[in-house]
Amino acid sequence: MTDTARARKLADRIRVVVAETLQRRIKDPRLGYVTITDTRVTGDLREATVFYTVFGDDEERAASAAALESAKGVLRTEVGRQTGVRFTPSLTFVPDALPDNARTIDDLLAKAKAADAQVRQASSGATYAGDADPYRKPGEAAQEAEEAAEGPGAAGADSTDGKGSQDA
């Protein structure tokens, strides 16, 4: 069983070698603006999956996929020459789904932003159904209870000077 760190290092090296070889040696006119995004190698170091993206429309993606398949032998030879492993891994090219996922997330964020703007617009001229602050404060309950106990005529019914004597 191979160490996963070794597989990771080999995958990183394969990614660099494939990208440099595509840039310098492969002169296929079908090859568009290709970016190698990731590479994964199996635990036995026999197979490598190379993920790529292509800038352009579906036609350019299909042409670039065909160009990568036709250049697979040259790329594998270069990987074997530059990595120095006993068995050169076979290369499989897979279009990366990352740009599509990012586009989907961007669309969802735009929809959420539009919904937030609608809610903000609807609530801009709205007023509260009750008081602005519907919650009671701790001191207000005691104050309301005292006012209710005194009643409406209790204030000023008997006027004392605080010593129990009455003013005449």
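**View 1. Thr88 sits in the loop between α3 and β3 (90-95).** This is a predicted model, where local features need pLDDT of at least 70 and side-chain atom pairs count only at pLDDT 80 or more, while totals for chains, interfaces and linings use all residues. Residues are numbered from 1 along each chain as its sequence is written, and side-chain values use heavy atoms, with hydrogens and water left out. Helices (H or I, at least four residues) and strands (E, at least two) are DSSP runs, numbered from the N terminus. Is Thr88 buried or exposed? Thr88 counts as buried, because its relative accessibility is 18%. Buried means under 20% relative accessible area, exposed means over 50%, and partly exposed lies in between (1.4 Å probe, protein chains only). Which residues does Thr88 touch, leaving aside its neighbours within four places in sequence? Arg76, Val79 and Gly80 are in contact with Thr88. Contact means heavy atoms within 4.5 Å.

**View 2. Helix α1 (residues 4-24) packs with helix α3 (residues 72-83).** Two packed helices are described by the angle between their axes and the distance between the axes. Here the angle is about 125 degrees, and the axes of α1 and α3 are 9 Å apart. That angle makes α1 oblique to α3. Angles under 35 degrees count as roughly parallel, over 145 as roughly antiparallel, 65 to 115 as roughly perpendicular and the rest as oblique. Axes are lines fitted to C-alpha atoms, for helices over the stretch in contact, and angles run from 0 to 180 degrees between N-to-C directions. The crossing of α1 and α3 is right-handed. A crossing is right-handed if the near helix is turned clockwise from the far one by less than a right angle, and left-handed if anticlockwise. From α1, the contact uses Leu10, Arg13, Ile14, Val17, Val18, Thr21 and Leu22. From α3, Leu75, Glu78, Val79, Gln82 and Thr83 take part. Sorted by class, the contact of α1 with α3 has seven nonpolar, three polar and two charged residues. Ala, Val, Leu, Ile, Met, Phe, Trp, Tyr, Cys and Pro count as nonpolar, Asp, Glu, Lys and Arg as charged, and the others, Gly among them, as polar.

**View 3. Tyr33 and Phe55 form an aromatic pair.** The structure holds one such pair. Its ring centres are 6.4 Å apart, its planes are at 85 degrees, and it is edge-to-face. Rings of Phe, Tyr and Trp (its six-membered ring) pair if their centres lie within 6.5 Å; planes under 30 degrees apart count as stacked, over 60 as edge-to-face and the rest as tilted. Tyr33 lies in strand β1 and Phe55 in strand β2, so the pair ties together parts that are 22 residues apart in sequence. Tyr33 counts as exposed, at 58% relative accessibility. Phe55 is exposed too, with a relative accessible area of 66%. Beyond its neighbours within four places in sequence, Tyr33 is in contact with Thr53, Val54 and Phe55.

**View 4. Leu45 lies in the loop between β1 (33-41) and β2 (47-55).** Most residues other than glycine have a negative phi. Phi of Leu45 is near 60 degrees, a positive value in a residue other than glycine. Leu45 counts as buried, at 10% relative accessibility.
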